[in-house]
Amino acid sequence: MKTKLFLKLIFLVFLVFITGCEENLPTNPNDTSKQTSTHKKVLLVGIDGLQFERITALNTPNLDKLHISKAYTGGIKGNLSQQATSSGPGWTSILTGVWKDRHGVPNNSSGTYKSKVKSIYRLIKENKNNTSIASIATWSPIHEFLQNDMSLVDYRNEGGSDANSTNLGVHQISNSNHDLVFIHLDNVDIVGHASGFGSAYDNAIIAADQQLGQLMDAITQRLATKNEDWLIMVTTDHGRNSNGGYSHGGATESEKTIFIGMNKPGNQEFKSKISNLPNTDFNGLYGYPAQTSIVPTILRHMEINIETNWQLSSAPLIGVDGPRKLLFVNNNQNELFWISNSENNAEIYKNNQLVTTVPASQGNYLDIATNDGKTTYTIRIEESTASIESRNQNLKIIACLDWNDMLNNRAYFFRNDGQYIRYNKLKDETDLGYPKEINNSSWPGLGAYKELIIAAFKWNNHKGYFFLSDGRYLRYDMNADKVDNGYPALINNNNWPGLEGLGDKVIGAVNWNNDKAYFFLKDGTYIRYSITNDSAEPGYPRPINNSNWPGLGSYATSISSVVDWNSKYVYFFLIDNTYIKYDKQKDAVVSGYPKNIDDTTWPGILN
């Protein structure tokens, strides 16, 4: 009896052991969500330029094995986070977890820009010992944007073909012990640019799906012999425009729509769309996960604690939900909105300083303080963070000066915070190192008047004029780079015939380069000035309306500054930080304006 009882006991212990083991095995080789191994590993596959809608329309058996959610790229339109739907900013966001306002990569010029923040490679290496990383990019600029961190990568390869990248990826998965493997496939985007939507594009997607299958099979083979828990993520950097699918880069729903696929089911941030948002642009696209959720998801899977001072833009897509859908309320960049069902508190950080704690479920915070310059808000809930950046909403462009540097083709923008921007017109971006303070070192003779500047324009190739709010003006010698002696002087009929009594009302001035200069006044009128005769023409001021300024009439009293750009265009900057492009040859506002002044349209001028 004792022997039989002992055997039964042994058998029961064996059954319990077997049952426990079965619970830790994946239900299929591509779903590792039930594994409890401490060997946490990640495969991240990027398929460049893959339109989300084509996945369900085509035979993609390997993508179909994954849980897939619609997602978005391009940041939030009209906010500092807005970025072009291009590969440079897209892949940099995927691999850093932040938008362009923090990583600083605005386009595909890899020789010019590199990420200003830590990539997933550095975050892993600095926070988990003895980890190994492989990064394989068919489009080599990805590595150039991350050049500050590429020395931390244990195996790297760039260029070549997708087939070569896939073979290298399979080899690294099968024969090395990497903790993160990133594989970038480029051909879908290449075919899209060449052929647009159509059979060639669809065949490229099918081929990429087959290559994804090879990578997933390599992981399946590892799981047969190794005790590992693999997170598989697949994504794309951008969508394509709806006009044939040949290009991308703009802020349209089609271009901003991407996808994120995972072999794990994900949390509510991944699985459920939020509809009740303060921003419902692009048919509610912001209710889906953000491209910037990929880095925190990888960190959480690898059991790396997310630090507040990293200021990652979005919360993870696995584990406990963090602060979801962090947005500004009605574009008020002092009022925050988020979603949380947590019973715990939300910590509110401002530029990495804890300012208050509120119930997480409150989902709203209004900062009543006045913010100068750029402010980063970070919400921390359940060991997760989300961050968003704002700028001083009172910051304005108050004067513009086209310069006589024909070689470098620069313009200067003066702001109401006492700083100025040097802008490279050829590269269409702010030069590095700006803004800078307006003082007597940077602008000899102008420093004492920086708070009085209301307008500026270039008279000829070596003289510029600054108009002051007290009715005086300064003449600036561009060759000598200083204010001329004897200035400021009072605006009167001796030096500006026809402007006497109106000097303090000027808010914009521009040389039209046709022997005419135009002065725009605060009351919505303008003056045409003859450069040859050096006097205002008879019959002015006149009202700014759609008869004499087609398309500008509605904005007559909203102008804050004007700048001549080239032989074809003039730009009007408005008090609400939008701008208008005016065609001098057609004598009319260009269709589609006003547009927001942001880091996509005017990179850096309000930073």
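Rings of Phe, Tyr and Trp (its six-membered ring) pair if their centres lie within 6.5 Å; planes under 30 degrees apart count as stacked, over 60 as edge-to-face and the rest as tilted. This is a predicted model: local features need pLDDT of at least 70, side-chain atom pairs count only at pLDDT 80 or more, and totals for chains, interfaces and linings use all residues. Residues are numbered from 1 along each chain as its sequence is written, and side-chain values use heavy atoms, with hydrogens and water left out.

**Aromatic cluster.** Select Phe457, Trp459, Tyr465, Phe467, Tyr473, Tyr487, Trp496, Phe519 and Tyr529: they make up one aromatic cluster.

The structure holds 62 aromatic pairs. Pick Phe413 and Trp565 next: the pair is tilted, with 6.3 Å centre to centre and 35° between the planes. Phe413 belongs to strand E16 (residues 410-415), while Trp565 is in the loop between strands E30 (559-564) and E31 (569-574), 152 residues apart. Strands here are DSSP runs (E, at least two residues), helices likewise (H or I, at least four), numbered from the N terminus. Both Phe413 and Trp565 are buried (under 20% relative accessible area, 1.4 Å probe, protein chains only).

**Charges over rings.** Go to Tyr434: Lys436 lies over its face, 4.6 Å from the ring centre. Then show Trp512, where the charged end of Lys584 sits over the ring, 5.9 Å from its centre. The criterion is NZ of Lys or CZ of Arg within 6 Å of the ring centre and within 35 degrees of the ring normal.

Methods
Buried means under 20% relative accessible area, exposed over 50%, partly exposed in between (1.4 Å probe, protein chains only).
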